[in-house]
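Subject: Structure for you to look at

Hello,

Here is the structure I promised to send. Please open it and keep it beside this message while you read.

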Amino acid sequence: MDLRTNLSILQSPQTPPSLAAAVAYLLFREMRLDPANPQWSGGDVLIYSARYGDTVRQAYRLAGCAESSVPPAGLNLWTGRSPSITRPRRIFALLEAADAGNFPKLVDAFQVDAAVLCPEPPLDSHRWRIESPGELTLEKLETVFCSSRRNEALLWIVAPLTGAALFEPARSGCVLPPIANRMAKLGTETAFDVLAQVNRLRAEGRDIISFGLGEPDFDTPSHIKDAAKKALDKNETHYAPSAGIPQIREAIARYVQRTRRIPVDPAEVVVTPGAKPIMFDVMMSLINPGDEVIYPNPGYPIYESVIDWIGGASVPLPLLEEREWGFAIDDLARLITAKTKMIVLNTPGNPTGTLLKPELLKEIADLAIDRNLWVIADEVYSQIVFDAEFHSIASYPGMKERVIIVDGFSKTYAMTGWRLGYGVMNKDLAVQAAKIETNIDSCTCTFSQIAGVHALEGPQHESFVMVEQFKERAKVLVDGLNQIDGVRCLPAQGAFYLFSNVTGACRRLGLRSANELQREMLHQAGVAVLPRTCFGRKNAGEDREYIRLSFATSMENIREGLRRMKQFIER
C-alpha cells in the first residue's frame, strides 16, 4: 500500500491528524525499515512516547512487522544502551514534552543523525535546526525533511501532535492555548544544565569539582556592598530612568573613556539588568527579518539564540585552534553578503579565552566601514587579560558611531548576582535601546546602580588581585592539562576559560564525542566541564572534540581536578 493509503487507515476520530501524518510519513517514507527486525544494524530506529503507542503500533503492523518486533514505548531502553541495540543509521522520535529533555543524551550516545517531532522546542536548541510548520500534513513534512536532508543532521519539528494545544491539561482540567511558534527559535545557555547536574550530585553527597559555569569565585568588594547598603538606608529603592541614573551613566562614560581611549557622552550609555539585555535591545533595534548577523563559533550561545529568535539569519564565523582561536580577515570577508548587517565580536572570548590582535581588529574595522556594517563588541572580560593589552574595535578611526560596546560589572567586580550591565553606542541608537528597556524592564535596580558607581570610581585593588590570581591559576591548569595524554590546550590570554582539545582523550577512552567525555568524567571522576556543543553547532568540516574549563575556582580545586582528570583519562 502507498503512503496515502496507509495514512487513511491510521486516521480515526481518536487519532489527531498531525499524529497520523507524522507516523505515516516516518514509517512509510523516511525510515529504512526491516519488517522482521525494526532495530537491525544499519537501519532506522523510531523512539516514541507511550501516549503515541497505539498509533505507532498500528503503523508497524501495516508495515508487516510482527507485534513482538515493534520497539517498546519510552526512552528508558534506549538511554540505557541495551546490548541488543546496534548502531542505527538514523534515529527518529515522536516525543511528548516531558520526554524531550532526555533525548539529547541519546543523540550524544549514538552520534547519528536524528529527527524529532515534539510539541515543544528542545532545551539545547542551539544544536538543532528547528521548524514550526503548525498542523502537520504529508506535504509539510515532505518540505521540511527535504530541506533537512540538504542542510542539517539534527532536525527538531515543533508540532501539536495531540491536537491544537501544546500543553497537557492543567489540574483544573482546562486545555491551554499553544505557546507561540517563535519560542522554537529561542535557545538557552546550556552551561546551566551542567550546573543543575552538579548541584544534584552534590545534594546526593558526591564530591564534585566544577570547571563549568563562568562566574568569579570571589566576593563582591566590601566598598561596593557598603555603597548599596547606604543607598538602601537612604531609600534609593524607587523607579529610575530607563537608560540609567545620571550618576552611573556619567561614571560609565568616564570609565570607557579611560579604558578604551575614546570620548563618551553619558547620553551614549544605556544601563540594563546585566549585559545580555543590551544585545537583545540593540539587535531588536537594528535587525530586520532576514538580515544576516555574523557571530563567532565556538562562542557565547546567546548570540545565535537572539539572532534567530528575532528573525535574523545567524551566520557562524569559525574560530580555529590553529589560529589561536582567531580567524583570518578573508574568512570573515567571504561570509559577508548583500544581506549582512552586523558582526558580533567577543574579546577576550568565551569559551576560548583569546584576545583578538590589534592588527586583526584594524582589518575588521576597515571591512565594517567599507561594507557599512554594525559591530557589537562584547567586551565583558576586557579587564581580565594576562600579559597583553586589551584593544577595543571602537577605538579605531571611523568606528565609534557604528560599534556597540557591551560590558558589565559581573566579571571585573564579581557582581554576577547584582545584574548590572551597560551598552555604549551612538545617541540615536541609545534612545531606541532605552525605549525597549522601558517596555521590558522599566529600569535597572536603583541601589545596584549606585553600587556600580562606587565599583567604577572606588578602589580597584581587589579586582587587580583577582586578575593576578586568575593568571596564576590559568598557568597551572594549562600546564596540567598538557601533561594528560590525549589533551592539548593553548594558554589563556584573558577571561577565565580554557578551550581544550580532547580528541585524543576521547579516542583513548573509546568515546565518540566530548559530550560523552563530559558525562563520563562527571559521573565517574567527579569533575564537571562543558562540551563543545554548549557553544554552538560544530562548523562544517570540524572533526575535533573540545571541552571548556573555567578556572574561576580555587587553586586547590584546580590541582585536585587535574589529578582526577589525569587518572580518569590515562587509566
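Start with Arg90, which sits in strand β2 (residues 90-94). Is Arg90 buried or exposed? Its relative accessible area is 16%. Buried means under 20%, so Arg90 counts as buried. Its side chain reaches the backbone oxygen of Glu30 at 2.5 Å.

The mean pLDDT of the chain is 88, and 91% of its residues reach 70 or more. Two stretches need care. Over residues 79-84 the pLDDT is below 50, and this stretch has 6 contacts beyond near neighbours in sequence. Residues 164-172 also stay under 50. For residues 164-172 the model has 18 contacts beyond four places in sequence. Where pLDDT is low, the predicted coordinates should not be read in detail.

**Helix α14**

Now go to helix α14, residues 358-371. It has 14 residues and reaches 20 Å from its first C-alpha to its last. That is close to the 20 Å expected at 1.5 Å a residue. Which residues of α14 are buried? They are Leu360, Leu361, Ile364, Ala365, Leu367 and Ala368. These residues cover an arc of only 165° around the axis, so they lie on the same side of α14. An α-helix has 3.6 residues a turn, so residues three or four places apart point the same way. On the other side of α14, Glu359 and Asp370 are exposed. What do the buried residues pack against? Their partners are α13 (329-335), β10 (340-346) and β11 (374-378). After α14 comes Asn372, with a positive phi near 55°.

**Helix α10**

Helix α10 covers residues 246-260. Its 15 residues should span 21 Å at 1.5 Å a residue, and its end C-alpha atoms are 21 Å apart, which agrees. Several of its residues are buried, among them Ile248, Ala251, Ile252, Tyr255 and Val256. Arg249 and Arg260 are buried in α10 too. Arg261 follows α10 and has a positive phi, near 60°.

**Nonpolar cores**

The largest nonpolar core has 68 residues. Which residues have the most contacts inside it? They are Leu481 and Phe551. Helix α17 (residues 461-481) gives the most to this core, with 7 residues. Another core lies apart from it and has 67 residues, including Leu319, Trp325, Leu420 and Ala451.

Leaving aside neighbours within four places in sequence, its contacts include Phe386, Phe470, Leu477, Phe496, Tyr497 and Ile558. Arg473 is also one of its contacts.

Then find Met565 in helix α20 (residues 555-569). Met565 is buried, because its relative accessible area is 0%. Beyond four places in sequence, Met565 is in contact with Phe211, Leu481, Ile484, Met521, Val527, Ile547 and Leu549. Gly526 is 39 residues from Met565 in sequence, and their C-alpha atoms are 9.0 Å apart in space.

**Backbone points to check**

Most residues other than glycine have a negative phi, and most peptide bonds are trans. Here are some exceptions.

- A cis peptide bond joins Asn297 and Pro298, with omega about 5°. Pro298 is in the loop between β8 (292-297) and α12 (301-309).
- The bond from Asn350 to Pro351 is cis, with omega near 20°. Pro351 is in the loop between β10 and α14.
- Asn235 is not a glycine, yet its phi is positive, near 60°. Its place is the loop between α9 (222-233) and α10.
- Ser442 is not a glycine either and has a positive phi of about 70°. It lies in the loop between α15 (427-440) and α16. Ser442 counts as partly exposed, because its relative accessibility is 32%.

Best wishes

Key. Residues are numbered from 1 along each chain as its sequence is written. This is a predicted model: local features need pLDDT of at least 70, side-chain atom pairs count only at pLDDT 80 or more; totals for chains, interfaces and linings use all residues. Side-chain values use heavy atoms; hydrogens and water are left out. Helices (H or I, at least four residues) and strands (E, at least two) are DSSP runs, numbered from the N terminus. Buried means under 20% relative accessible area, exposed over 50%, partly exposed in between (1.4 Å probe, protein chains only). Contact means heavy atoms within 4.5 Å. A polar contact is a pair of N or O atoms within 3.5 Å; within protein, one must be able to donate a hydrogen and the other to accept it, and residues adjacent in sequence count only if both atoms are side-chain atoms. pLDDT is the predictor's confidence in each residue, from 0 to 100. The expected span of a helix is 1.5 Å times one less than its number of residues. The arc is that of the directions from the helix axis to the C-beta atoms. A nonpolar core is a set of buried Ala, Val, Leu, Ile, Met, Phe, Trp, Tyr and Cys residues joined through side-chain atoms within 4.5 Å.
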